[in-house]
Amino acid sequence: MQAKKRYLLLFSAGACLVLLFCFGGIQVPLSRRGPSRRDDRSLAGYHPGARWRPLPGYLQPFSPWEQDRSDDLNEHISPRQKRDTLSGLYTGKRCRMESCFDFSLCERNGFKVYVYPQQKGEKLSDSYQNILSSIEGSRFYTPDPGQACLFVLSLDTLDRDQLSPQYVHNLKAKIQSLPLWNGGKNHIIFNLYSGTWPDYTEDLGFDIGLAMLAKASISTENFRPNFDVSIPLFSKDHPRTGGERGYLKHNTIPPYRKYMLVFKGKRYLTGIGSDTRNALYHVHNSEDVVLLTTCKHGKDWQKHKDTRCDRDNTEYDKYDYREMLYNSTFCLVPRGRRLGSFRFLEALQAACVPVMLSNGWELPFSEIIDWNTAAVIGDERLLLQIPSTVRSIHQDKILSLRQQTQFLWEAYFNSVEKIVLTTLEIIQDRVLLHTSRSNLMWNCLPGGLFTLPQYSTHLRDFPFYYAKLGIKPHPKFTAIIHVVTPLVSQSQPVMKLLVAVAKSQYCAQVMVLWNCDKPLPAKQRWPATSVPVIVIEGESKVDFAFTVWQSFPDRIVGYPARSHFWDSNKERWGYTSKWTNDYSMVLTGAAIYHRYYHYLYTTYLPASLKTMVDQMSNCEDILMNFLVSSVSKLPPIKVTQKKQYKETMMGQSSRASRWADPDHFAQRQTCMNKFASWFGTMPLVHSQMRLDPVLFKDQVSILRKKYRDIERL
């Protein structure tokens, strides 16, 4: 009897162990292999975005995520197609910069990019042409392949959906025949769409070899960190340059809008991408959470029509998408057939905080952008928790998220050019690792595209970070005086200006740019100054202006102001010097700005604009205002009430001056439109603010005024 009890006890214990093992109560290590790539990234502190925080209680997913869906995805693919797919996806899958990139090509001439010449008979989509044009118009471009560090194909690789009219056939053979292909080494391939119905794999239909991918909708499984670049999905109508501003109007308080959470889009009745969208009706409440889907898409949608389609279609037609988009606090961004969605960029522009529901999507530019500051990144399996989670976010955090959406949209996403340049800058940071930008440079105004590491890698050397770092600008300035007329007497305005500037307690040195066809005056004819005067061939008491600039180090601060306007009759931008309360430019003939803008002017702007300025001997001040406003997104600062500014410093009898040219004003009108065309938008910002010293123009004793000479000059 005792033996039977012992056997029964042993049998019961064994059964319990089996049950515990089957239901996960006991975990047994199945192999001694090290952590996966995803584990490596977690251990290394890789955080492209915070994952959805599970709330108490487990929600059953809407689809059998635990099952391996690869069999379902591949049931329509032949064995040969499977082999080709694996070959296309996984050759070079382990590539990293140190293993598949030749750094020696970049050591000779720096980071230069070569675009293959377009082959005869090959058609390019508008989107791919915009990409190539953006590269060719950048400072990275070189027409000489011998000087190149990176190569870009002229063959259109954007749309690799075999059912698309943009699909390029025989791409594999065409690429392999290129003499510079070299297995794809030091090449980058741009792609927006890959795979086709019904499986939508990430295969491009050819072996990319050792080339990098700049790809939309790329999954974390196939993304090669520190090698590939995840780019956003953008439409064919996305502007090539410029781009629209975001729609957040200043600091909107309170941050809440009419709707809390919205979505409007297709409901996929079958196949990949249908799970989440088919479940949105569980969350939709027709009040503050409006999630709308329609079955009306595709030729045979009625064949798959379910019992909810008619009701969903009716509800879908009641709402205007744009009105919803611009009046919602959060915008749902679920995956479509592919991981990426057009809703992503639409939400960013609208200052609608994206709520990402696309498990496994490597977010755009995740290598440099901290998406925790601009988006809510969720889990498709926890859909029902979304409304309560977004409602729990404090309004201060919501405002911060919305402001960051606007910065990221305008800095990296609002044009094809910015998407392309951001991609190239990321790769350049990898190549020139010792001068790569910090996280703060990428994620704070003005962004990485305007913070060039070739100038400096120290934040304190840029005017944008003084407030964040709690430091003050340099206490001294260098004065630059541009001379275009001969020096005849000590009473000339330019000589008075030199003396007045040199007397400033903040002046370190004076540089005179001699741009006159007359020879330099003898040394004894120059006025004596207490600071060095450096002459390079090729108005006011300035202390107050400098103290103002120290409070606004990222702007131009100065005296004579000008303005721009839109001439609707001529349909172009106009330039005016008329005195009004409104201005958008401060002429650099009497202005203070950070020296970094000189570096940007020299290295960032294209040679075509600088050549135009040099040939006309005109408009360099307008171009500098365009540049500074484009970077800062702010107007310049005008000081004192100077209504007149004589642009001539010579008598009427001299004809040598550029200011005497009757076409001078017309040239400045032309410059305005040339510059606006290159920038792709009008970056100048109007302002009515003017800063004056205390007691300026007041009828009091001159002895009571700190800046006693300011009214006389």
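How many of the seven residues of strand β17 (residues 561-567) are buried? Five of them are, which leaves this strand mostly covered; buried here means under 20% relative accessible area, with exposed over 50% and partly exposed in between (1.4 Å probe, protein chains only).

Before going on, a word on what you're looking at. This is a predicted model, in which local features need pLDDT of at least 70 and side-chain atom pairs count only at pLDDT 80 or more, while totals for chains, interfaces and linings use all residues. Residues are numbered from 1 along each chain as its sequence is written, and side-chain values use heavy atoms, with hydrogens and water left out.

Back to β17, which has two partners to look at. It runs antiparallel to strand β18 (residues 572-576), and five bridges join the two; two strands count as paired if DSSP finds at least two bridges between them. Along this pairing, W566 has W573 of β18 as its bridge partner. The hairpin leaves four residues between the strands, and E571 there takes a positive phi near 55°. Strand β19 (residues 585-586) also pairs with β17 in the antiparallel sense, over two bridges, with A561 opposite V586.

Now zoom out. The chain has 23 helices and 22 strands, taken as DSSP runs (helices H or I, at least four residues; strands E, at least two) and numbered from the N terminus. Of its 713 residues, 51% count as buried.

Elsewhere, five strands make an open, parallel sheet in the order β9-β8-β10-β11-β12. Its edges are β9 (289-294) and β12 (376-377), each pairing on one side only. Helix α10 (residues 309-316) packs on this sheet, touching β8 (259-266) and β9, and its direction makes about 120° with that of β9. Contact means heavy atoms within 4.5 Å. Axes are lines fitted to C-alpha atoms, for helices over the stretch in contact, and angles run from 0 to 180 degrees between N-to-C directions.

Strand β11 (residues 353-357) pairs with β12 in the parallel sense over two bridges, and M356 stands opposite I377. Helix α14 (residues 395-413) lies across β10 (328-334) and β11, at about 90° to β11.

From α14, step to helix α15 (residues 416-431): the two axes come within 7 Å and cross at roughly 80°. So α14 is roughly perpendicular to α15, a label that covers 65 to 115 degrees. Where they meet, E410, A411, Y412 and F413 of α14 face K418, I419 and T422 of α15.

Methods
Parallel < 35°, antiparallel > 145°, perpendicular 65-115°, else oblique.
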